Amino acid sequence: MTSPRPLGQRELELIRLYANCQLGMSPRAFEAKWNVTRSEMAAICQCSIATVQRWFERGTNFSLPTRYHLRYLALADLFIEHFEEIPDRLKAVLCPPFNSQE
């Protein structure tokens with residue numbers, strides 16, 4: 001096992017930039033842009049369909065998505081919108097092939 005790489009000024013600046021990034025997309029905006037089912041949105045956000053359904057409810061059953069859900073939707077939007085522009089090497093890092101033997 002290799003030792004962790006040291007953090008230089010560049011890496012510390014990138015961490016600060018990422019930590020302060022306000023990347024997010026609401027479920028309604030995502031649904032308006034992409035013709036997805038609630039099940040597909042739940043898969044993107046790694047949550048239950050019931051949780052997604054509550055984002056669209058009115059009244060006492062309504063709940064807000066977390067900032068993590070908003071980020072998942074924004075990243076999915078970016079991924080769908082710009083997939084062809086992403087170099088293959090980066091695609092392999094972002095979404096490595098699933099290996100069922102692990």
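Trainee: Before we start, what should I know about the numbering and the pLDDT limits?
Mentor: Residues are numbered from 1 along each chain as its sequence is written, and side-chain values use heavy atoms, with hydrogens and water left out. Because the model is predicted, local features need pLDDT of at least 70 and side-chain atom pairs count only at pLDDT 80 or more, while totals for chains, interfaces and linings use all residues.

Trainee: Happy with that! How many helices and strands does the protein chain have?
Mentor: Helices (H or I, at least four residues) and strands (E, at least two) are DSSP runs, numbered from the N terminus. From that end the elements run α-α-α-α-α-α. The count is six helices and zero strands.

Trainee: Why is the chain described as more spread out than a compact globule?
Mentor: The radius of gyration is taken over C-alpha atoms, and the globule rule is 2.2 Å times the number of residues to the power 0.38. For 102 residues that rule gives 13 Å, so the chain is more spread out than a compact globule, its radius of gyration being 17 Å.

Trainee: What percentage of the residues count as buried?
Mentor: Buried means under 20% relative accessible area, exposed over 50%, and partly exposed in between (1.4 Å probe, protein chains only). Of the 102 residues, the buried share is 21%.

Trainee: Which element gives the largest share of the lining of the largest pocket?
Mentor: A pocket is an open set of points on a 1 Å grid over the protein atoms alone, where a 1.4 Å probe fits, with protein on both sides within 12 Å along at least five of seven lines; lining residues have an atom within 4 Å of a point. The lining includes Leu75, Phe79, His82 and Leu94, and helix H3 (38–45), helix H5 (67–82) and helix H6 (88–94) each give two or more residues. The largest share, five residues, comes from H5.

Trainee: And which element gives the most to the lining of the second largest pocket?
Mentor: Tyr18, Leu23 and Arg71 are among the residues that line this pocket. Helix H1 (9–19) and H5 are the elements that give two or more residues. With four residues, the one that gives the most is H5.

Trainee: Which ring does the charged end of Arg71 sit over?
Mentor: A charge sits over a ring if NZ of Lys or CZ of Arg is within 6 Å of the ring centre and within 35 degrees of the ring normal. For Arg71 the distance to the centre is 4.9 Å, and the ring is that of Tyr18.

Trainee: What geometry does the aromatic pair of Phe79 and Phe83 have?
Mentor: Rings of Phe, Tyr and Trp (its six-membered ring) pair if their centres lie within 6.5 Å; planes under 30 degrees apart count as stacked, over 60 as edge-to-face and the rest as tilted. The count comes to one aromatic pair. Its centres are 5.2 Å apart with 75 degrees between the planes, making the pair edge-to-face.

Trainee: Which residue lies over the face of Phe83?
Mentor: Phe83 is partly exposed, with a relative accessible area of 32%. At 3.8 Å from the ring centre, the residue over its face is Lys91.

Trainee: Last one: is Gln46 buried or exposed?
Mentor: Gln46 is found in the loop between H3 and helix H4 (49–55), and its phi is near 55 degrees, a positive value in a residue other than glycine. Its relative accessibility is 61%, so Gln46 counts as exposed.
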